[in-house]
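These are my notebook entries on a structure that I looked up element by element.

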Amino acid sequence: MGGASARKKKEKKKDFQKPKLKVGKAKPKATNFTDTSFKAKSIVLTQQSLSANAPSVAAQCSHHLSMLTHKSDSQRKESLAYLTTAITSTRPGFPLPQPSSIILPSVQRLILDASNGVRQQLLKLLQSLPKNDIVSHSDQLLLHTRAGMTHLATEIRVFALDVLEWLLGAAGDEVVSCAGGWVKMLKCFIGLLGWQIEVSGKWSAPKSFGKAGGDAKVQVKQMTALTTFLRVGLVPSRGAVPVEVEGGNFPLWQAGHNSLSQRSNAYAYLNLFGASRDEEAEMYEDREDRQRVFHDRAEAAIFAGLEQATKGGGELGRAAAQLRKVVREGMADFHSEV
Amino acid sequence: MGKRKVGALEKVDADLANLQYKVKRDPASYRDDFLSQYSQYETFKELFMQNPSTVEDTGLVSLKELIEFVSHCADCYPDITAEFPQDLIKILSLHHEELEMELREKMVGSLVLLRNKDVIDSSTLLNTLFPILVTTPSKSLRELMFTKILSDLKSSNTKATNHKLNRTIQTVLFNLLTSDRASPKGIWAVKITRELWKRQIWAEAKAVEIMKEASLADNEKVITGGVRFFLGGDKEREEAAEESSDDDENIDMSKLRHQAGINKKTKKKERQLKMAAEKVKKKEKKKSAPHPLNFSALHLLHDPQGFAETLFSKHVQNSRSKLSLDSKLLVLQLVSRLVGLHKLTVIALYSYFLKYLTPRQASVTSFLACLAQATHNLVPPDVLEPLIQKIANEFVSEAAAAEVAAAGLNSIREICVRQPLAMNDTLLQDLVMYRKSKDKGVMMAAKGLLSLYREVGAELLKKRDRGKDAAIGLRTGEVRERRFGEEEAGEIEGIELLEKWKEDERRKKRIEQGLDPDAPTDEEEVEAEDWKNWDVESDDSDSSTGWINVESDGEDINISDSEDEKEPPAKKTKLSSTTPGADGEEKENISKSEEPEAKRISKLATTRILTPADLAKLQELRLASSVTSAMPSNKRRAAMAARHADDPLTAAEIEAPGLLGKKSTKEEKIAMAKGERDEHHQSTTAKRKEKKASEGKSTTNKEKARKKNFLMTLGKAKGKQKRSLIDVKKTLKGHLDRQKRGGKRGNQGH
């Protein structure tokens, strides 16, 4: 009856009892004590750089190369800018801080980058690279350029034309003769300009999707690019290699023909390891082949398209005239042969 | 600012979904755009194929999106996209291991989409997916493939059974199993077949054949998969069918229509009503559709004897088989089930059991159940006798635990139900003594054995144990021991009653006509009358007026041989060595007959077609004579008959009497009463709140306002009362204004 039981009282009291301290003994631990000590074989501080001297240019370049996939536009742009200055500041004759074979594969994806600034910076970087290094990567670059040319966004399509012009300037011969470089590019151009023969039968000219604004301008640009492309592919280069004076190295006649080619992957046209190619993906290495294929697949369409473009007059007409001139020039000997 | 604008522009330009929408509405006009996107896709694909394992995240559009776009538009431009499905198939089958996961799933999804758009056919799709399912190391991909394969098979079988496709897939599965018996890949054949069997998409012998091959495989998982199918596949199918049929329980259309008239009309409500109407219509249609005839897998087996023999010798008897005890038991269950169901002869099986019949053997009740299941009336009794002796010695003794003894007795009973001849009199009399046991389980089991032998072999029992029925039956010679191999003749229950009734009617009729009652009738005249009275006779049986009975003789059409026709029906009796089941209603017949032990077999059913009127009369006669069927022995027999021959005998059934004497605890009783329902009641609001809380969401503003401390709201309320009229007007106006604008900030955007 009278209040809580003795047992309950005792239990309550227990919570408030003070621990007895004894001389020469460690203080007893509280009941709610948590042991926070720990043991480790080594401690690694990831945040801290322990190197005493500044990183080399090569190291910084590789860092910036890895930053090219960064999600921020400005960061990508800055990294590209850094790489550009690093390349331009190397004195001629000295090797680049990172070889082109490393720079190019990670850079080329940015042709399709969404940000305009990044793309422009990319073009600068590409232009700063030595031309000899471009040659062996031309097919890869061309693939990305073609992807850009057919992109949904007009800006990227226009930009890809700039890249193509640069590429043709740097490694024109390789571009037109690489696998798929000729026929697929022609097809791509015809598609872009809307010059397909098969759809011309329709009575209403379809308005293309996503080409609103500056349509004519873009078309002019495309036609100029096509002109350049055809010039490289069809017109024999004027500064042709002068015929070497034979007998320079006397006992070996025609040694140049028998020695291994200087180019990398000299037997690429055999296609020993890749998937089998069809006519479109085939390599067309000499001019006659290209002329033949051009005649078979594209010439009629281009002339039909030129007709329309010339009627348009103005800037468009001028570009068309240029293009016509190049085609005539390039195909002159082909038609005379036939 | 310029930067922002460019971004938005790009977004509009690069909107593949938008283009896709436009392409679908007007394919001809957007052909150029599609072409350029397709070439974009081709370029991307080429880039991608140089290094398929890369995770590409290029800018605005990725290959994944392009694939989605092209596959959605593929049906609009079949000429442009002719290569597209082949491309996807090639990439998937060559690189499925290294592809990035999302891209891979997108490719699979696109292929299925192409299939749904009829761009590719089912067999192409399945022939692509199936090899990947079997080889891929990725679990998520396997799951995806499995569901896609199943759903495709299902959808291509919805309208009508696609026999060609089914056959090709079944052949693929069959070859998968037979090409490499040791590989675990066969499990996929088992899984697919079982699932389709469950959904009644595959219900033919070929599917069963696949499972048969699976059970004969060398891989344990595949074996158990196949065996489990035979043991449980049919039950699963039945349950699935039941579930689907009571899915949509009664929809009250009139109520719904009434509600639609009263409640607010929204598009959603309208749609719901339409859906409900459709459902009801479908249900009606289903109701009138004929019931699908489904054979159990065990009955669709070709050569069950060979199957049972190989199963037994390969997995059970073979000392080199590495199956675990559980799997071995499964196989044994299947073998014994087959033996029992098809009455097969696998003599080695019985001696195999001898080793395992000890109480210390793990899961011995399963072995006992298997043994009982494998017994049928064509098993030689001398094979079974040592087994029964062993069970009696090992299980049933004073020293054994009560549950053990009960299980032993029960299993002996189960064996003897199927083959009564396996018992000898000394052992039986010994075992029957256990009915005096103190333990309830043992006592009940022994009683069960006793009552069984009162019916099937009373002479083995001591005279005082035989009971009244059996003793009388023995004395009159009605109850006789069945010999080995003797089969009960098939018959229609009560047919002799009908025949007798017909004979009486005929005699009455002839007497009325003033003819000799025992002379044969003219059959043709009878036949003509019979067709007239195909169905009408039903009320006629009740009426006792003599002149209506005139016709009743000629109810049957005679289709028998010519010799039979010449004989009068009264003389169609024949001595027979077989004894039909000692049904109660036959007693009447026997007492009147001159040869009581050799019963005549009614020829009625073999010589004439029974009309519906005849069947009705038969039913009536049966009911009239079924006074005897209310007796307990008959009830027991009915219970035995109700148990389907296809149903298995389980270990639980063997153990059942042992549990009789056990007292269950309170918790067990409560759990039993509750059953499997474990949900506790909760209001809808409480459920919603709980769901919100579990999603980590907060409460609504309303909720917060409601929960706010009363004292905190006082100040505001007071202030409201003291406002001037102008202030009140301002607030009200402000409220209206805000509502118009759509909130404080409005949604015009700034």
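This is a predicted model: local features need pLDDT of at least 70, side-chain atom pairs count only at pLDDT 80 or more; totals for chains, interfaces and linings use all residues.

**Entry 1: Chain A as a whole**

Residues are numbered from 1 along each chain as its sequence is written, chains are lettered from A and ligands numbered from 1 in the order in which they are written, and side-chain values use heavy atoms, with hydrogens and water left out.

I recorded 14 helices and zero strands for chain A. Helices (H or I, at least four residues) and strands (E, at least two) are DSSP runs, numbered from the N terminus. Of the 338 residues in chain A, 38% count as buried. Here buried means under 20% relative accessible area, exposed means over 50%, and partly exposed lies in between (1.4 Å probe, protein chains only). The accessible surface of chain A is about 21,300 Å², and carbon and sulfur atoms hold 56% of it. These areas come from the Shrake-Rupley method with a 1.4 Å probe; for residues, only the protein chains shown count as cover.

**Entry 2: Helix α9 of chain A**

I asked how many of the eleven residues of helix α9 (residues 183-193) in chain A are buried. The count is nine, and the helix is mostly covered. Among the buried residues I listed A:Val183, A:Met185, A:Leu186, A:Phe189 and A:Ile190, and also A:Lys184. The cover includes α7 (138-149), α8 (154-177), α10 (215-234), α12 (287-297) and α13 (299-312) of chain A, together with α3 (31-50) of chain B. After α9(A) comes A:Gly194, with a positive phi near 70°.

I then turned to B:Asp33, which lies in helix α3 of chain B. B:Asp33 counts as buried because its relative accessibility is 5%.

**Entry 3: A nonpolar patch on chain A**

I found that A:Tyr267, A:Leu270 and A:Leu272 make a nonpolar surface patch of about 340 Å². Patches are made of residues with over 30% relative accessible area and no salt bridge; like charges are joined within 9 Å, nonpolar side chains (Val, Leu, Ile, Met, Phe, Trp, Tyr) within 5 Å. A salt bridge is a side-chain nitrogen of Lys or Arg within 4 Å of a carboxyl oxygen of Asp or Glu. A:Tyr267 sits in the loop between α11 (255-258) and α12 of chain A, and is partly exposed because its relative accessible area is 47%.

**Entry 4: Chain B as a whole**

For chain B I recorded 37 helices and two strands. Of its 750 residues, 38% count as buried. Of the contacts in chain B with a separation of 6 or more, 71% are between residues 24 or more positions apart. Chain B exposes about 44,500 Å², with 54% supplied by carbon and sulfur atoms.

**Entry 5: Charged patches on chain B**

Which residues gather in a patch of positive charge on the surface? They are B:Lys264, B:Lys267, B:Lys268, B:Lys269 and B:Arg271. B:Arg271 belongs to helix α14 (residues 267-288) and, at 51% relative accessibility, counts as exposed.

A patch of negative charge is formed by B:Glu238, B:Glu239, B:Glu242, B:Glu243 and B:Asp647. Both B:Glu238 and B:Glu242 are in helix α12 (residues 220-245). I noted the general rule that an α-helix has 3.6 residues a turn, so residues three or four places apart point the same way. B:Glu238 is exposed, with a relative accessible area of 53%.

The place of a charge is NZ of Lys, CZ of Arg, CG of Asp or CD of Glu.

Is B:Asn166 buried or exposed? B:Asn166, in helix α9 (residues 163-179) of chain B, is buried because its relative accessibility is 2%. Leaving aside residues up to four places away in sequence, B:Asn166 touches B:Leu153, B:Asn157, B:Thr161, B:Ile201 and B:Trp202.

B:Asp118 is not a glycine, yet has a positive phi of about 65°. B:Asp118 is in the loop between α6 (101-116) and α7 (122-135) and is exposed, at 61% relative accessible area.

Conventions
Contact means heavy atoms within 4.5 Å. Lys and Arg count as positive and Asp and Glu as negative; His and the chain ends are not counted.
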